[in-house]
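Thank you all for coming. I would like to walk through one model this morning, moving from a single side chain out to the helix packing.

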Amino acid sequence: MDKIRVALQTDAELLGEMAAGTTSAFEELMRRHEPRIFQFALKIVKSPELAQEISQDVFLKIWEKRASLNAIESLPAWLFSLAKNQSLNSLREIARRYAHEEKYAAAQEESLDGEAEVQYNDLKRIAAALIDQLSPQRRVIYRMKVEQGLTTVEIAAKLNLSPSTVRSQLAKSYQLLRANVSDQLCVVILLSLLR
């Protein structure tokens, strides 16, 4: 019977009872207005989860300010105004957080790019020094293959060698580079960790 009486009361009467601490009056106001406040917030923020959070915040503020709400002439207008402000504040906070995260990510990326560039340059220098240690013929074959992108047959034709000789020379070059690069790579990694 009490629920029927509460359901028949006006918003102003419910606000009066809420000011006295009646939770059933608050529950009735929520039942009446929460779905529309949720839909209104959803149109602004485009996220059901965020709209639900905003709607809950709006009604939490009503409960917290229940003692001073008697002066409200139009509860729906006041609720929509509160929901609009809460929605816009939420969007601003999300935008601020996003901008901060983007700025942080850019700074991290710049820092990593700088370190990666230093390591890449170190490795290039090491590789160039190792390539310079190859015999003159192996060095020429290696550079034609790696730097110019020529095939084994093309290299053989240009240098008047057999393709099997080119393959053999490349295999020996790769073997030497692999053996030395792993040692040099360990040094580069250790140096980068010490920076």
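Predicted model: local features only at pLDDT ≥ 70, side-chain atom pairs only at ≥ 80, totals over all residues.

If we set aside the neighbours within four places in sequence, S55 is in contact with E34, I37 and F38, where contact means heavy atoms within 4.5 Å. Residues are numbered from 1 along each chain as its sequence is written, and side-chain values use heavy atoms, with hydrogens and water left out.

To return to the serine, S55 lies in helix α4, helices here being DSSP runs of H or I with at least four residues, numbered from the N terminus, and strands being E runs of at least two. S55 has a relative accessible area of 1% and is therefore buried, a word I use for under 20% relative accessible area, with exposed for over 50% and partly exposed in between, using a 1.4 Å probe and protein chains only. The C-alpha atoms of S55 and F38 are 5.4 Å apart, although 17 residues separate the two along the chain.

Helix α4 itself runs over residues 48–64, and its 17 residues reach 24 Å from the first C-alpha to the last, close to the 24 Å expected at 1.5 Å a residue; that expected span is 1.5 Å times one less than the number of residues. Its buried residues are L50, A51, I54, S55, V58, F59 and I62. As a reminder, an α-helix has 3.6 residues a turn, so residues three or four places apart point the same way.

Which residues have the most contacts inside the largest nonpolar core? They are L15, M18, V58, F59, I62 and L79, in a core of 22 residues, where a nonpolar core is a set of buried Ala, Val, Leu, Ile, Met, Phe, Trp, Tyr and Cys residues joined through side-chain atoms within 4.5 Å. The elements giving two or more residues to this core are α2 (11–19), α3 (23–45), α4 and α5 (75–132), and the largest share, 7 residues, comes from α3. Leaving aside neighbours within four places in sequence, I62 is in contact with M18, F26, L69, W78 and L79. A second, separate core has 7 residues, including M144, A156, V166 and L170.

Helix α5 also holds S90, which counts as buried because its relative accessibility is 14%. Not counting residues up to four places away in sequence, S90 touches L50 and I54.

Further along, the axes of α6 (residues 136–146) and α7 (residues 152–159) come within 10 Å and cross at roughly 135 degrees, the axes being lines fitted to C-alpha atoms over the stretch in contact, with angles from 0 to 180 degrees between N-to-C directions. The two helices are therefore oblique to each other, given that angles under 35 degrees count as roughly parallel, over 145 as roughly antiparallel, 65 to 115 as roughly perpendicular and the rest as oblique. The contact is made by V140, I141, M144 and K145 of α6 together with T152, I155, K158 and L159 of α7.

Two loop residues close the tour. K46, in the loop between α3 and α4, has a positive phi near 60 degrees without being a glycine, and N160, in the loop between α7 and α8 (163–194), is likewise not a glycine and has a positive phi of about 55 degrees. K46 is exposed, with a relative accessible area of 63%, and N160 is exposed at 72%.
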